[in-house]
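Please look over the sequence and the model below.

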Amino acid sequence: MKNLYLIQLFTIFKKEFARWSRIWIQTILPSVITIFLYITIFGNFIGERIGEIGGLPYIHFIIPGLIIMPIISNSYMNVVGSFYSGRFQKSIEELFVSPLSSHVILIGYVLGGVSRAFVVGFVVYIVSLSFTNIPIHNITLALFLTLLISFLFSILGFINAVYAKSFDDINIIPTFVLTPLTYLGGTFYSIYNLPEVWQTVSMFNPIAYMVSAYRYAFIGVEEMNTYTAILMMFILIFVLYSLAIYLLNKGIGVKN
Amino acid sequence: MTKYALEINQLNKTYRNGVTALKNINLNVEDGDIFAFLGPNGAGKSTVIGIITTLVNITSGTVKVYGKDIAKYPEFTKHMIGVVPQEYNLNQFIPIIETMINIGGYFGLSKKQSLTKTQQLFEDLGIWHKRESTPRELSGGMKRRLMIARALIHNPKLLILDEPTAGVDTELRLTMWDFFKKINNDGVTIILTTHYLEEAERLCKNLAIIHHGEVVKSSPMADVISSTRKHTYIIRADSSIIDKNIFEKNIHIIDDKTCELTVDNKISITEIINKFKDNNINVVDILSKRNKLEELFIELTQTK
């Protein structure tokens, strides 16, 4: 039985990995180009005028946040795009007439999103090295946070895919929720440079904690407590994972 | 081991919009059978199939596959079932051989096991040469055959075919019939829904007809064939039959020497031939025109 689950899980993961890697020009390259432009414009051109934040060159300050941005968007978009596309083509029925447990289906899709996020994150980091030499302060923590963040947003993408009724619906959350939260999460500035009211508002932005924790893993500087960030991510993963399993067990979005 | 591949008891389905699709369905399909599940469009056939394959939730009632309740033992029952849906539900963007390997993986087969089985099925169904194509590059008939192969990758004991030959040309349909007979002889129980009643009559041993969500007939095919009240024949004579008034009604003249005659099933072919002889006409050829099942189907689904 254990072997059955492993074969099933590996099959879904392999299918998902093949899906995004086959079309890497659509899945990997755009993020890399976008972040390359961000680093060029904000890190190089504008960054030189800004100078330092907290004793660090501005380009070093923003790079962790710039790596998180594609990790969030790619893990989310991979799962929401793939699962909704399966629903749209009805090929998703293949999964539901097979003896797959809800956990295997969900983890398989999530690992597909995580794999894409890791590849994009790694490529963006390599690109950033061409601008500045930014050593990683704690590589284990950086990898662990990449796993947590991509896992979390892959599950969120899955839930979005379950509820989506058209291809337009899969872009609503990334456009109107994730992008604003990411930009307002302290990627380009220190939250403590904001007026007090906006500092308080930022405390309710979960992505601000993730950016802070990631920045700590990269350059050893934290604006918010890293343990709090990790705990918050575990709680969010637990809640969203449970919700996704509930939706799968009920067959919402798939069964009549 | 139960003698039934499928047992449906008191099955009801009401959709969220209030539409009642099934009303107290009771149905048994014996192991080894080829079972025709017939009904007009919208009768509830696909809902029943959706429930058996767990794609549609049950409102009330039970469905057992080889003695196990699908709600309590979904993994067991899914291993036992292969399904060919009515609508194409293939991943359009990957080569069909990858689809087969993926489906095999979902059922716990290794890549090697999936490839071996795929080659056997694709060769039997005549699509091995298309293994690297995507479904978008296949004809309608090839897609149908792919869906049949996909349903059989894990060696199911019960195969559910929801209009498997829809849109398929005659020659291919005959080939598919032979294939269904072959796998049935190999021990696979088949449930077939089709609008081609000749197909059901030729292939199936038992049948059920569903109409407005209710089973209106369930019996052996042999009983159906012998129970219909009217027979229609095409009769060819050796001389003109026009203006002869051999049969006063239920006769349709096709040409000078050919007619179509519908008679009560109590009237034998010998009686028909003798009646022609009484009018100094010899019958050269006599063919049964409509299949009996079609007559029953029309009778049940129009009178209800």
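The sections below go from chain B as a whole to its helix α1 and then to the cores.

## Chain B overall

This is a predicted model. Chain B contains ten helices and 14 strands. Its C-alpha atoms fill a box of roughly 75 × 45 × 40 Å along the principal axes.

Of the 304 residues in chain B, 41% are buried. Take the chain B contacts between residues at least 6 apart in sequence: 68% of them join residues at least 24 apart.

## Helix α1 of chain B

Helix α1 of chain B spans residues 45–52. Eight of its eight residues are buried, so the helix is largely enclosed by the rest of the structure. The buried set includes K45(B), S46(B) and T47(B). V48(B), I49(B), G50(B), I51(B) and I52(B) are also buried.

T54(B) follows α1(B) and has a positive phi, near 70°.

## The largest nonpolar core

In soluble globular proteins, nonpolar side chains tend to be buried together. Here the largest nonpolar core has 142 residues. Those with the most contacts inside this core are V110(A), I149(A), F158(A), F35(B), I160(B), L192(B) and L207(B). Helix α4 of chain A, residues 58–89, gives the most to this core, with 17 residues. Domain 1 (4–225) and domain 2 (228–303) of chain B both give residues to this core, so the core lies between them.

What does I149(A) touch, not counting residues up to four places away in sequence? Its partners are I68(A), I71(A), I72(A), M210(A) and M233(A).

## A separate core

Another core lies apart from the largest one. This other core has six residues, among them I235(B), I241(B), C259(B) and L261(B).

Conventions: Residues are numbered from 1 along each chain as its sequence is written. Chains are lettered from A and ligands numbered from 1 in the order in which they are written. This is a predicted model: local features need pLDDT of at least 70, side-chain atom pairs count only at pLDDT 80 or more; totals for chains, interfaces and linings use all residues. A nonpolar core is a set of buried Ala, Val, Leu, Ile, Met, Phe, Trp, Tyr and Cys residues joined through C-beta atoms within 7 Å. A residue is buried if 20 or more other C-beta atoms lie within 10 Å of its own, exposed if 12 or fewer, and partly exposed in between; C-beta atoms are placed from the backbone. Helices (H or I, at least four residues) and strands (E, at least two) are DSSP runs, numbered from the N terminus. Domain bounds come from an automatic or database domain assignment. Two residues are in contact if their C-beta atoms, placed from the backbone, lie within 7 Å.
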